[in-house]
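This report describes how two chains are held together and what lies inside them. The sequence and structure come first.

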Amino acid sequence: MADPVTTTPVLQLKNIRKSYGSGETESEILHGIDLRLERGEFAALIGPSGSGKSTLLNLIGLLDRPSGGQLFIDGQETGQLDDTGLTRLRGQRIGFVFQHHHLIPAFTALENVAMPLLVARGRPDAEMFAQAGRLLDQVGLAERKQNLANQLSGGQQQRVAIARALAMSPSLVLADEPTGNLDTHSADDVFALLREVNTRLNTTFLIVTHDQRLAARCDRIIEMVDGNIVADRRHQAAAN
Amino acid sequence: MKSWMPFEWIAAIRFLREGRMQSLLIIVGVGVGVAVIVFMSALLSGLQANLVKRTLSSQAHIVLLPPEEIARLQSPAGGIALRLQKQAQRLRSIDQWQQIQARLEGLPEIAAISPIASGPAFVVRGDANKAITLLGIDPVRYSGVIALPERMVAGQLRVGAGEAVIGIELAKDLGADIGDKIRVTTAGDATETFTVTGLFDLGNKGVNARNVYVSLRSAQSLLDLVGGVSSIDISLHDIDEAERLASKIAAETGLTADSWIKTNAQFVTALTSQRVSSNVIRFFIGLSVAFGIASVLVVSVIQRAREIGILRAMGASQGQMLRIFLLQGGIVGFFGSLLGSGLAWTFLMLWRLMARNPDGTPMFIIGVDPWLVAIAAGGASLVGILSALLPARRAARLDPVVAIRG
Ligand SMILES: Nc1ncnc2c1ncn2[C@@H]1O[C@H](COP(=O)(O)OP(=O)(O)OP(=O)(O)O)[C@@H](O)[C@H]1O
Ligand SMILES: [Mg+2]
């Protein structure tokens with residue numbers, strides 16, 4: 001375990017608030033969230049529907065801006081950044097895995113995995129496809145590299161999405177119900193894959209899930225209710 | 001994936017390829033628009049060039065005449081009446097025409113210069129008596145201005161002493177043929193007999209019935225212009241320069257300089273208004289093509305909202321999204337213009353087959369200027385990019401959170 005005192009946290013939230021609408025219709029969804037994730041943590045974010053989990057994840061992923069508070073990624077304060085700055089930081093430091101796979105159907109599995117590198121470098125090169133190929137090997141899809149995204153099963157698509165999330169070697173991977181659309185068996189596989197990446201690369205994970213069983217397999221469980229964190233438990237995860 | 005292609009190009013092409021039907025339909029739409037524009041332009045410029053060529057086949061681009069004079073005439077009642085009167089009766093020569101000719105020869109815009117002694121006369125043969133315009137020319141110089149040698153239908157363009165070249169219409173009126181004699185009389189009762197050495201057809205009935213070409217020297221003596229010329233005909237490399245150059249020459253020499261544009265003012269106005277109305281039509285075709293492209297891309301942005309969101313989440317900038325959609329507009333415009341040029345070429349070939357004179361020769365020649373194709377391709381690509389501006393901005397500004405949730 002990293003020493004929390006001497007290392008910069010991968011993620012730090014200070015009193016983060018988020019409201020939607022304005023005037024009469026304004027409603028605050030997040031009421032001052034404080035949170036700190038250290039490098040290598042494997043954390044679950046749980047809570048009832050509508051408690052603000054996705055909203056929080058979007059803020060952390062720099063897809064949206066908080067209405068108040070401070071958000072640090074790898075020690076860098078993000079409040080002052082413009083859209084270009086946020087986009088760059090997001091591309092380099094954060095990987096996303098969404099519930100609905102979200103691959104780009106016009107591209108092959110290999111190209112989808114290489115996409116973050118392509119976006120960042122501007123032009124394709126052999127090295128990025130080699131790396132994308134290695135990532136697909138690691139998620140067990142060596143045989144499916146040239147398949148178009150929609151020629152893959154749900155579980156396979158989610159594996160591709162995980163490989164893609166890792167393409168830029170991000171510090172933090174955010175997963176919003178990554179197994180929500182999968183049957184129990186595929187869900188277990190995908191979850192095991194996330195865990196394996198975490199132990200092998202020491203990548204930090206924050207995973208939103210409704211699945212108590214999977215949450216129990218994380219090192220830390222953060223629970224939200226009505227826009228507040230009501231519980232934050234670290235524990236030695238149950239045997240995987 | 002081609003390694004030289006930037007990310008934006010790759011994404012734009014993939015998106016277009018994936019939306020196969022949509023892309024195809026809009027490319028065809030652009031193609032039809034471009035085809036009509038190219039076809040219309042080619043037809044119009046062919047038609048106009050042909051009309052101008054016909055008009056100029058018997059006219060110089062610029063004609064220099066002696067300056068017009070303001071004559072003061074005393075009225076019989078003793079009062080002074082002031083009036084403008086064109087010099088009519090006696091022909092006047094252009095002062096120092098040789099020097100003027102030498103000076104004009106230095107102008108690079110001028111292709112040929114031909115001094116002419118011309119005036120009214122009568123031609124008599126047997127019982128027939130016709131009013132004509134007698135033109136004394138230097139055939140070599142004159143051929144530089146009017147393509148007379150190409151227009152000879154019988155005999156040759158030879159105007160030695162006692163030789164004349166006449167139009168086919170006049171030959172018919174006089175019943176004269178090559179080798180026949182005609183007698184020319186002028187107002188001053190000077191008379192000379194000429195042998196007809198050639199017949200021409202300048203494509204204009206009036207000219208064919210009126211113009212009689214003789215040597216400069218014969219005309220000078222018949223018209224009482226010994227040593228002088230009544231006009232200087234000029235042809236230019238660029239006929240559109242005629243008006244500008246005419247003013248310049250008039251200012252420098254003090255002569256009256258009439259350009260073909262001024263002489264044929266009505267005709268030129270008709271051509272201009274024809275061009276203006278065709279530009280208006282072209283503009284509206286371009287506009288509807290632009291709206292077509294824009295509407296297809298707006299739909300495409302909505303359809304691809306989720307993919308745009310994913311790309312943004314993966315670090316694609318607003319600028320990259322903007323360019324992806326601008327490029328799609330440009331690519332659609334470009335391929336549409338290629339298709340359109342091909343269609344236009346086909347139309348023109350068909351038109352060439354169908355539009356024929358009664359004798360089976362093509363009515364007039366029109367070709368597809370490679371420049372026109374290049375301009376159409378460039379223009380359509382540009383229109384495509386411009387029409388994509390609005391949809392592309394929408395794509396760039398799409399909120400990734402909303403896009404991904406959808
Ligand atoms: N753009 C928005 N405008 C207004 N309200 C919003 C907006 N987005 C989310 N909300 C509200 O914020 C609250 C939290 O939504 P959020 O999606 O974060 O919940 P969640 O915890 O992810 O729920 P679930 O488990 O169902 O995914 C909900 O009440 C939702 O209606
Ligand atoms: Mg949610």
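In this predicted model, Arg244(B) and Glu241(B) form a salt bridge, with their closest N and O atoms 2.7 Å apart. Neither residue counts as buried: because its relative accessibility is 42%, Arg244(B) is classed as partly exposed, and Glu241(B), with a relative accessible area of 25%, is partly exposed as well. A network of salt bridges with shared partners joins Glu41(A), Arg220(A), Asp232(A) and Arg234(A).

**Salt bridges**

Over all chains the structure holds 28 salt bridges. Side chains of opposite charge can pair when their charged atoms come close.

| Pair | N to O distance |
|---|---|
| Arg244(B) and Glu241(B) | 2.7 Å |
| Glu41(A) and Arg220(A) | 3.0 Å |
| Arg312(B) and Asp83(A) | 3.2 Å |
| Arg159(A) and Asp189(A) | 3.7 Å |

The side chains of Glu41(A) and Arg220(A) meet at 3.0 Å. This pair links distant parts of chain A: Glu41(A) sits in the loop between β2 (27-37) and β3 (42-46), and Arg220(A) belongs to strand β9 (residues 220-225), 179 residues apart. Both Glu41(A) and Arg220(A) are buried.

For Arg159(A) and Asp189(A) the salt bridge spans 3.7 Å, N to O. The partners fall into separate accessibility classes. Arg159(A) has a relative accessible area of 18% and is therefore buried, the limit being under 20%. Asp189(A), at 33%, counts as partly exposed.

**The interface of chain B and chain A**

In the contact between the chains, 28 residues of chain B meet 26 residues of chain A. The buried area is about 2,500 Å², and carbon and sulfur atoms give 66% of it. The rule finds two salt bridges across this interface, and one of them joins Arg312(B) to Asp83(A) at 3.2 Å, N to O. Nine residue pairs are in polar contact across the interface, both residues of each at pLDDT 80 or more. On chain B, α1 (7-18), α11 (305-313), α12 (318-354) and α14 (400-405) each supply at least two residues of the side that touches chain A. By class, that side has 16 nonpolar, five polar and seven charged residues.

What does the side chain of His102(A) join in a polar contact of 3.3 Å? The partner is the side chain of Arg306(B). His102(A) lies in the loop between β6 (94-97) and α3 (109-121) of chain A. With a relative accessible area of 3%, His102(A) is buried. Leaving aside neighbours within four places in sequence, His102(A) is in contact with Arg164(A), Arg306(B), Ile310(B) and Ile404(B).

Gln320(B) is placed in helix α12 of chain B and is buried, at 9% relative accessibility. Not counting residues up to four places away in sequence, Gln320(B) touches Val119(A), Phe7(B), Glu8(B) and Gly315(B). Ala242(B) is 78 residues from Gln320(B) in sequence and 52 Å away in space, C-alpha to C-alpha.

In soluble globular proteins, nonpolar side chains tend to be buried together. The largest nonpolar core has 89 residues, of which Met115(A), Leu136(A), Val160(A), Phe7(B), Leu311(B), Ile324(B) and Phe325(B) touch the most other members. Its largest share, 10 residues, comes from α12(B). Beyond neighbours within four places in sequence, Val160(A) is in contact with Leu103(A), Ala109(A), Asn112(A), Val113(A), Leu136(A), Leu141(A) and Leu152(A). Another core, apart from the largest one, has 48 residues, including Val52(B), Leu56(B), Leu64(B) and Leu216(B).

Gln80(A) and Thr179(A) are 99 residues apart in sequence, and their C-alpha atoms are 34 Å apart in space.

Methods: Residues are numbered from 1 along each chain as its sequence is written. Chains are lettered from A and ligands numbered from 1 in the order in which they are written. This is a predicted model: local features need pLDDT of at least 70, side-chain atom pairs count only at pLDDT 80 or more; totals for chains, interfaces and linings use all residues. Side-chain values use heavy atoms; hydrogens and water are left out. Contact means heavy atoms within 4.5 Å. Buried area is the accessible area (1.4 Å probe) that two parts lose on being put together, summed over both. A salt bridge is a side-chain nitrogen of Lys or Arg within 4 Å of a carboxyl oxygen of Asp or Glu. A polar contact is a pair of N or O atoms within 3.5 Å; within protein, one must be able to donate a hydrogen and the other to accept it, and residues adjacent in sequence count only if both atoms are side-chain atoms. Helices (H or I, at least four residues) and strands (E, at least two) are DSSP runs, numbered from the N terminus. Ala, Val, Leu, Ile, Met, Phe, Trp, Tyr, Cys and Pro count as nonpolar, Asp, Glu, Lys and Arg as charged, and the others, Gly among them, as polar. A nonpolar core is a set of buried Ala, Val, Leu, Ile, Met, Phe, Trp, Tyr and Cys residues joined through side-chain atoms within 4.5 Å. Buried means under 20% relative accessible area, exposed over 50%, partly exposed in between (1.4 Å probe, protein chains only).
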